[in-house]
Amino acid sequence: MEKVDLSVHNHPLLPLTRFSLGRCKGCWSHGYIYGGYRCNELGCDTLFHKECAESLPDINHSSHPDHPLKLVRKFQSSICSLCQVWFDTGYFCSICDFKLDLGCAWRPSPPLTLENTNTHEHQLVLSNGVGSELSQSTRNCKVCSSEVLEFKQYYECHQCELFFHVKCTKISLEEYHTSHPEHPLKFLTGDEAPGYADKKCLLCGVEFNQELHHCDVCNFSICRGCAGNPPPLSVMSSKTHEHQLHLFPRLVDFTCNACGTRGEGSPYLCFQCKFMIHRDCIDLPRIININHHDHCISYTRRLGHGDWTCGVCREKVDGFHGAYSCSVASKCSSSYVVHSKCATRKDVWDQIELEGSAEEEEVSPFEAVDDTTIKHFSHDHCLRLIDDGRILQENKLCEACVFQIQSESFYSCEQCDYILHERCANISIKKRHVCHNQPFTLHTSSGTKTTRCALCERKFTGFMYKSASHKILDVRCGSISEPFEHDSHPHPLYYSEKTYKHCSAHGGGMKIGMLSCDECDYSLDFRCALLPKMVVNRRYDDHPLFLSYGDSYVCGEYWCEACETKVNPKKWYYTCNECGVVLHISCVVGDFSYITPVRAGSLTRSNKEVVPNTSVCRKICSTCNSRCKLPSVLKVSKPGVDSYYCSNSCDTSYLLI
């Protein structure tokens, strides 16, 4: 389906042939929109009613007959002259101060008087303000009993001193509805609804908000939205089903053929095929990207027989109902499958439909010069691969992840001291991550400027992943994918965004955004999950220090070589496998461990900078008055004096860096 350019929006809009629950950007009314338009641009996801989207550039309106009105996008703090509702896209008069939102523009203007209405026996007169002498109790609408606001249009009966919302005068207290033609539906408010009546709308499933239309013969109840904007009785969607689908307005339990999940309410069905479907599943997007998989996935009506597991929720997928599968199965080690409901969740899908779009090409982060030399996008010079198992000095750090170069292979520049781990040189330019529905793009470092990672919450320098909505991850957290395997636990871990849990490594307070096990109560926060397995710290040991995950069978006590206090042997710590030296995690990896220290002789514009602390004489923290144990500390320069801090808690103004 091709996009169309319309005057109401700055991006091309995609015609919708499915039901979408949301708020129209034109008239700001909330509810199900069918047959409207949606923006298909990343991060926009704007909905329009068909009437609002197709608004003409210039109109003449009966509410303002003297001058023509011109369509303008994004008014600055504008209020509709008719309904007094704030809006940002609508019509205005270039001669006077008259403004009109899109909803009022395509709806007929309310007449000045109403005769013989279904809501009242006397003449009703259109007014623009309630008299200040009237009490609050007399300003309630006679139909819905809610307040009639002084700054909105309303109708008044001067004979009875009664007030009516404009929209309530259009309500019939008893009328037939297309979804229930057998008997009239009565409009009920508040306590008028019988106790046996359903609490949710039979058509859309939304809970009633003090108003409903009810048939007391059939116990049929629908909301005011569905009464005024009824769903179509039949729908034709070739993407969903080859035959016409018909609304079945009954409270029935069924299994949706499109998504395989249970439904209760009013499905659409094909009588010929016994096909039943949720209204939300009609015309599901054909090809999409999700944040749990590197390739695009496509919708299929049936997977067929097989042992399928959803790549998002890890539950069983019924192959005889609709689902999504990887569109590039030849590149996947196994068949990747996702439930339809899971794939189209707003926290999983970026809301962009890819059908008819050109496939996004994968961009390599470097060009190969020869077998051992590359030209990386982050550096002006060529980098040569070194793979001899050497361990560099602890102050030689990778420019991407800002961590030590240990025994793993790395790329080094022969013209300067630029270094990249081989694995960091290969990280993707474009990346999808389970923590966000939008894709991330790799950005290189910008000098000594620090940024905070959204997952581990550490300040860092080096490379970063950034989304269109400016969510930022460091390359360590950004490179995580599911399932996440960790040596501390026998089962795979998965990202859990909404459940509060304790970190199994250090305890601490309850947090969300953890890596959790589906089979037990084990969870890790991103700080602990990505602690380096090996570090070099020559101050305390000439050998590498290895991360230990604790031993529940140890009965004695350990002492930290750095701070000379006790170490809980059942918790994580660093140790030398040859000498038995033990150190707290916090004495090895600190608040400034992922910030590139300022090199000697470098010029900085800030009075704050992270500097090395690797000399024989360790810096003394200006707050806790102890010698700083970590290899990097914060230096704050003031006229005539330099102060040093070993952690964020010691320097409360650190956030100003």
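Modeller: Before we start, UniProt annotations may be inferred rather than shown by experiment. The model itself is predicted.

Colleague: Good to know! So where does UniProt place the zinc finger PHD-type domain feature?

Modeller: The record, an unreviewed entry, puts "domain: Zinc finger PHD-type" at residues 140-205, 255-314, 400-457 and 502-564.

Colleague: How much helix and strand is there over 255-314?

Modeller: That stretch is 0% helix and 32% strand, and its end C-alpha atoms lie 20 Å apart.

Colleague: And what about residues 502-564?

Modeller: There the chain has 6% helix and 33% strand, with 27 Å between the end C-alpha atoms.

Colleague: What sits between S20 and S21?

Modeller: They form a hairpin with 6 residues between them. In the turn, Gly-260 has a positive phi of about 80°.

Colleague: Let's jump ahead to S52, S53 and S54. What is their order in the sheet?

Modeller: This open sheet of 3 strands runs S52-S53-S54, and the pairing is antiparallel. S52 (608-612) and S54 (641-645) are the edge strands, each pairing on one side only. From one strand to the next, the twist averages 35°.

Colleague: How many bridges link S52 and S53?

Modeller: The antiparallel pairing of S52 with S53 (residues 632-638) has 5 bridges. Pro-612 stands opposite Ser-632 in S53.

Colleague: Changing topic: what volume does the second largest pocket have?

Modeller: About 1,000 Å³. It is lined by 32 residues, and the closest to its centre are Asn-289, Asp-294, Glu-360, Lys-430 and Arg-432.

Colleague: How does the lining of that pocket divide into nonpolar, polar and charged?

Modeller: The lining has 12 nonpolar, 8 polar and 12 charged residues.

Colleague: Since charges came up, how many salt bridges does the count come to?

Modeller: The count is 19 salt bridges, taking a Lys or Arg side-chain nitrogen within 4 Å of an Asp or Glu carboxyl oxygen.

Colleague: Where in the chain are Lys-186 and Asp-216?

Modeller: Lys-186 is in strand S15 (residues 180-189), while Asp-216 is in the loop between S16 (211-215) and S17 (220-222). The two are 30 residues apart, and the pair links distant parts of the chain.

Methods:
Residues are numbered from 1 along each chain as its sequence is written. This is a predicted model: local features need pLDDT of at least 70, side-chain atom pairs count only at pLDDT 80 or more; totals for chains, interfaces and linings use all residues. Side-chain values use heavy atoms; hydrogens and water are left out. Helices (H or I, at least four residues) and strands (E, at least two) are DSSP runs, numbered from the N terminus. Two strands pair if DSSP finds at least two bridges between them. Axes are lines fitted to C-alpha atoms, for helices over the stretch in contact, and angles run from 0 to 180 degrees between N-to-C directions. On a 1 Å grid over the protein atoms alone, a cavity is a set of points where a 1.4 Å probe fits but cannot get out, and a pocket is an open set with protein on both sides within 12 Å along at least five of seven lines; lining residues have an atom within 4 Å of a point. Grid points are joined across faces, edges and corners, and a volume is the space filled by probe spheres set on the points. Ala, Val, Leu, Ile, Met, Phe, Trp, Tyr, Cys and Pro count as nonpolar, Asp, Glu, Lys and Arg as charged, and the others, Gly among them, as polar.
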